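Below is a short briefing for a reader who is new to this structure.

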Amino acid sequence: IDNRFSQKGLPTLFNALKRQSRADWLVFCHQDVVFLDSDWISLVAGLQPDACYGPVGVNLDGHFMGQIQQPDGSLLGEPAPLAEVQTLDELCLIVPRQIFSVLDFDDRLSFDLYGHDYCLEARRRGFATRIAPIRCQHQSRTIPGDVQGESYLQSKATFLAKHADTVPLCTSTFQIRPKYWASVENNETLKTEFDFVKKGSKI
């Protein structure tokens with residue numbers, strides 16, 4: 001999909017494509033990803049159609065799962081075939097019909113975080129998100145990309161507001177993990193702790 005002329009966000013283009021698709025699987029993949037397995041389509045067709053898949057993602061502990069080859073030939077991540085993750089990176093998202101037929105991409109996340117958002121929404125509907133055992137090379141220098149650009153920051157704000165109830169929240173560019181006291185509904189617990197400290201003590 002060449003969006004250089006339409007200037008539409010990728011989710012908008014992806015939604016239009018999937019609504020007219022008759023495929024059992026759709027692979028939403030950036031142009032700078034090269035598949036290293038000649039039989040990768042057969043590998044996709046053999047996956048269980050109850051989950052979104054991708055070559056690399058982040059689990060609830062914030063660890064990168066899956067492995068991709070970088071431009072210099074070095075490997076990023078650890079092999080983790082079919083490991084469960086919270087979200088998958090946008091560089092490649094593999095989605096079965098039973099998911100893409102009922103779930104759209106969020107048009108507000110025009111170029112960033114739409115894959116992570118899609119995974120979280122799929123999980124809310126009872127689907128899984130797993131690492132695909134597919135070898136690929138990411139020809140860009142980094143996974144995060146431009147995390148200071150206006151487009152990214154707007155998408156991040158929208159993403160955070162939408163998933164404010166998700167704890168922890170782990171993506172390939174940032175993680176939000178609660179402090180240990182975040183679940184305390186009032187200050188009584190901390191007040192009790194401080195009451196043990198003698199007045200005038202230096203801390």
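In helix 1, which spans residues 10-20, the buried residues are Leu10, Pro11, Leu13, Phe14, Asn15 and Lys18. The model is a predicted one. The points below are grouped by topic.

**Helix 1**

- Strand 1 (25-29), helix 3 (97-100) and helix 4 (114-124) are among the elements that cover the buried residues of helix 1.
- An α-helix has 3.6 residues a turn, so residues three or four places apart point the same way.
- Pro11, one of the buried residues of helix 1, is also touched by aspartate 106.

**The second largest pocket**

- The volume of the second largest pocket is about 220 Å³.
- Its lining is made up of 16 residues, and those nearest the centre of the pocket are Gln67, Ile68, Pro79, Ile134 and Arg135.
- Strand 5 (residues 64-69) contributes four residues to the lining of this pocket, the most of any element.
- Sorted by class, the lining holds 12 nonpolar, three polar and one charged residues.

**Aspartate 106**

- Aspartate 106 sits in the loop between helix 3 and helix 4.
- Aspartate 106 counts as buried because its relative accessibility is 10%, and the cut-off for buried is under 20%.
- Leaving aside residues up to four places away in sequence, aspartate 106 touches Pro11, Asp117 and Lys162.
- With lysine 162, the aspartate 106 side chain makes a polar contact, side chain to side chain, at 2.8 Å.

Technical notes:
Residues numbered from 1 in each chain as written. Predicted model: local features only at pLDDT ≥ 70, side-chain atom pairs only at ≥ 80, totals over all residues. Heavy atoms only, no water. Buried < 20%, exposed > 50% of the residue type's maximum accessible area, 1.4 Å probe, protein only. Helix = DSSP H or I, 4+ residues; strand = E, 2+ residues; numbered from the N terminus. Contact = heavy atoms within 4.5 Å. 1 Å grid on protein atoms, 1.4 Å probe; cavity = no way out; pocket = protein on both sides within 12 Å on 5 of 7 lines; lining within 4 Å. Points joined across faces, edges and corners; volume = space filled by probe spheres on them. Nonpolar A, V, L, I, M, F, W, Y, C, P; charged D, E, K, R; others polar. Polar contact = N/O pair within 3.5 Å; in protein donor to acceptor, adjacent residues only side chain to side chain.
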